Every structure is written in C-alpha cells, then in structure tokens.
Amino acid sequence: MFGVASVSLMLIAYALEERSPMFVLLFAGACAASSVYGFLVGAWPFGIVEAVWTAVAIRRWRIRAGDSDHGMTRPIACDMTALSPAERQRYDALRRLVLDSVDEVTSSATEFHLRVGRAASPSEVTEWMALERRCCPFLTLQLAFRDDGTTWVYLGGSAAIKAFLADEFREFVTI
C-alpha cells in the first residue's frame, strides 16, 4: 500500500505542478517516499532512480519558489510618472501604431504573442517596448525576428500579468 500511495501521489502532484510551486515540492516528497519504498523491497535501481527524481524535483521547486517570491515583491502596477509629458505623448502614438499593426495574436499560459506587421518598423516597436518597460517594470517583453520574416512581440510574465494585460490591452485580445 505504501508503494501504491507514493506512486499515486507522485502522479497527482506531477499533474498539478503548474498550479503552484507547492505541488513541485509535494512531487519531490512523493519521489522520496517512492525511493524509500524501492530500497525497502530490494528494488535498488528503482530506489536510486526515485532518489535522483527527488533531487531534480527539489531543484525545480527552488527555482519555481524563487520565481513566485520574485513576483510577490514586484507588484503589478504601472508607474504613470515614469515618463515625461513628451515621452507619454510619444508612447501613446507608438502604442497606437504598434497595436494597429498587429496581424495575429496567440498566447501561452503566461504571455501574449503579437505578430507585428510592416506598418510599424522594428525601431518603432523597440522604442514602444522601452517606454512600456519604464512604465511597467514587472513586464517581460521580448522582440523576435523569426526565420519566416515575421516580427513578434512577446508580452507577459505570469498568469496574473497576462490577466492584467488582457484588461489593459483589450485591442489585441479580441483579434
């Protein structure tokens, strides 16, 4: 029963890992229990493999827990005083230009992917991103030039940030 419970808990925790770093830690604990079970029944290769999985899961938990702690210290709040009035005017013009040139929107769990058409030059997109970053330092912004000739902006950082962006940038959510 101990072995069945350990392996079952591993499966459940693994399936739920994306929800919270605590499930990664639970997975590590279940791997450790499975390792103990392997050694107790004399299946030492199984015990060794599960011990390795325990170490891998603990490392993944530390990384994930560090990421979520980082998110907790950086609030999702834009600093509207970060730009001068002239910079704000330039930002507004660039934002309109970039958003009007978006041809396609896809997304992942934590970000939006915007394919930017030729109406906005790469330098204009980059300038908009730099101004956006000054106002909203919690954002992860990436510019990608793909081998198919398309230009993409990746905008997000976490599920909470993506939800904020969905509200703030309704224009590209409905494309």
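Residues are classed as buried under 20% relative accessible area, as exposed over 50%, and as partly exposed in between (1.4 Å probe, protein chains only). The model is predicted, so local features need pLDDT of at least 70 and side-chain atom pairs count only at pLDDT 80 or more, whereas totals for chains, interfaces and linings use all residues. Residues are numbered from 1 along each chain as its sequence is written, and side-chain values use heavy atoms, with hydrogens and water left out.

Helices (H or I, at least four residues) and strands (E, at least two) are DSSP runs, numbered from the N terminus. Helix 4 comprises 16 residues, 85-100. From first to last C-alpha, helix 4 reaches 23 Å, close to the 22 Å expected at 1.5 Å a residue, the expected span being 1.5 Å times one less than the number of residues. Arg88, Tyr91, Leu94, Arg95, Val98 and Leu99 are the buried residues of helix 4. These residues lie on the same side of helix 4 because they cover an arc of only 130 degrees around the axis, the arc being that of the directions from the helix axis to the C-beta atoms. Exposed residues Pro85, Ala86, Gln89 and Asp100 are carried on the face of helix 4 turned away from its buried side.

In helix 6 (residues 159-168), the residues Ile161, Lys162 and Leu165 are buried. Their arc of only 100 degrees around the axis puts them on the same side of helix 6. The cover over the buried residues of helix 6 includes strand 1 (102-107), strand 2 (111-116) and strand 4 (151-156).

Val125, in helix 5 (residues 122-135), is buried, with a relative accessible area of 1%. Not counting residues up to four places away in sequence, Val125 is in contact (heavy atoms within 4.5 Å) with Val98, Val116, Ala120, Leu143 and Val153.

The structure holds 6 salt bridges, each defined by a side-chain nitrogen of Lys or Arg within 4 Å of a carboxyl oxygen of Asp or Glu. One of them joins Arg60 to Glu17, with the closest N and O atoms 2.2 Å apart. Arg60 lies in helix 3 (residues 44-73) and Glu17 in the loop between helix 1 (2-15) and helix 2 (21-40), so the pair ties together parts 43 residues apart in sequence. Glu17 is buried, with a relative accessible area of 5%, whereas Arg60 is partly exposed at 25%. A salt bridge also forms between Glu168 and Arg95, the closest N and O atoms being 3.3 Å apart.
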